[in-house]
Amino acid sequence: MLRTIRWFIYFWYSLIALIPDMKKVKKLDEQGDIPKKDQIVYAKASNWAKALVELSGTKVNVIGEDNIPNNEAVLFVSNHQGNFDIPILLGFIKKPKAFVAKEELKKLPLLRTWMEYMNCIFLNRSNNRESVKSIKQGINNLKQGYSMVIFPEGTRSKDGKLGEFKPGALKLATKSKVSIVPVTINGSKDIMKKGSFIIRPAEVEVIISEPVEITEGMDKDTKSLTENIKNIIKSNLK
């Protein structure tokens, strides 16, 4: 319990401590210095996320990071085991990235602002019109060179097993024509069990598979593409 209390205190205290950096980022954004803004935003967000994971006592082992293309945007497609999946991918995979996140995260002050500066999009699955707008924004982000992460199951797994992918989850890739990088996370469900706020140390393995290129016609047959990506992720689950 003491570990959990320390973690939540650090979570909010560290976000508040980043307010001066947030003001600097806002100024750079207003000045149109986007490259410098992006550099600061990702460095601060990545370091913050890594510290959150390490404070939980969790050890993370990343396998296959050399499979990630260096000079192009990609869509990371990952299974979703727990609340720590975003900080794990943000803090331990070096390539800058934004996330397709649930709209509930917009309710968290400061965190929402940082995510917006990272070019994250918030998905409201109960409102089709808003969901379409968010997906279009994500496609635009990818075309502009910003890599993104999507959890196509749409929610965390209860037992670590891979759930069904939401229909149209891979439109971000088929419409933007960026490569898909399948990611398998093992063990993150043990850090914070679903339905609990207690934080426990865990051993987490992140396996990055070879990229899957989007070829002509894939946007017309997303079912086979979805099954292919799902099988790649599932093959690395333990």
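Student: How many aromatic pairs does the structure hold?

Tutor: The structure holds six aromatic pairs. Rings of Phe, Tyr and Trp (its six-membered ring) count as a pair if their centres lie within 6.5 Å. One of them joins Trp 7 and Phe 84, with 5.4 Å centre to centre and 50° between the planes. Bear in mind that this is a predicted model, where local features need pLDDT of at least 70, side-chain atom pairs count only at pLDDT 80 or more, and totals for chains, interfaces and linings use all residues. Residues are numbered from 1 along each chain as its sequence is written, and side-chain values use heavy atoms, with hydrogens and water left out.

Student: Why is the pair of Trp 7 and Phe 84 called tilted?

Tutor: Planes under 30 degrees apart count as stacked, over 60 as edge-to-face and the rest as tilted. The planes of Trp 7 and Phe 84 are 50° apart, so they belong to the rest and the pair is tilted.

Student: What makes the pair of Trp 7 and Phe 84 a tie between parts of the chain?

Tutor: Trp 7 lies in helix α1 (residues 2–17) and Phe 84 in the loop between β2 (74–78) and α4 (85–92), so the pair ties together parts that are 77 residues apart in sequence. Those element names come from DSSP runs, numbered from the N terminus: helices are H or I with at least four residues, strands are E with at least two.

Student: How do you know whether Trp 7 and Phe 84 are buried or exposed?

Tutor: Buried means under 20% relative accessible area, exposed over 50%, and partly exposed in between (1.4 Å probe, protein chains only). Trp 7 has 7% and Phe 84 has 2%, so both are buried.

Student: And why is the pair of Phe 11 and Trp 12 called edge-to-face?

Tutor: The ring centres of Phe 11 and Trp 12 are 5.0 Å apart and their planes stand at 80°, so the pair is edge-to-face. Phe 11 is buried at 10% relative accessible area, whereas Trp 12, at 33%, is partly exposed. Ring pairs also link Trp 7, Phe 8, Phe 11, Trp 12, Trp 48, Phe 84 and Phe 197 into a cluster.

Student: Which residues of α1 and α2 make the contact?

Tutor: Leu 15, Ile 16 and Ala 17 of α1 meet Ile 19, Pro 20 and Asp 21 of α2, where contact means heavy atoms within 4.5 Å. They divide into five nonpolar, no polar and one charged. Ala, Val, Leu, Ile, Met, Phe, Trp, Tyr, Cys and Pro count as nonpolar, Asp, Glu, Lys and Arg as charged, and the others, Gly among them, as polar.

Student: How do you know how α1 and α3 are oriented to each other?

Tutor: Their axes come within 10 Å and cross at roughly 170°. That is over 145, and α1 and α3 are therefore roughly antiparallel. Residues in this contact include Trp 7 and Phe 11 of α1 and Trp 48 of α3. The contact divides into eight nonpolar, one polar and two charged residues.

Student: What makes α4 mostly covered?

Tutor: Seven of the eight residues of α4 are buried, among them Asp 85, Ile 88 and Leu 89.

Student: Where is Ser 188, and is Ser 188 buried or exposed?

Tutor: Ser 188 sits in the loop between β6 (179–186) and β7 (203–208). At 1% relative accessibility, Ser 188 counts as buried. Leaving aside neighbours within four places in sequence, Ser 188 is in contact with Gln 81, Gly 82, Asp 85, Ile 88 and Val 204.

Student: What about Pro 96, buried or partly exposed?

Tutor: Pro 96, in the loop between α4 and β3, has 47% relative accessibility and counts as partly exposed. Not counting residues up to four places away in sequence, Pro 96 touches Tyr 42 and Ser 147.

Note on methods
Axes fitted to C-alpha atoms, helices over the stretch in contact; angles between N-to-C directions. Parallel < 35°, antiparallel > 145°, perpendicular 65-115°, else oblique.
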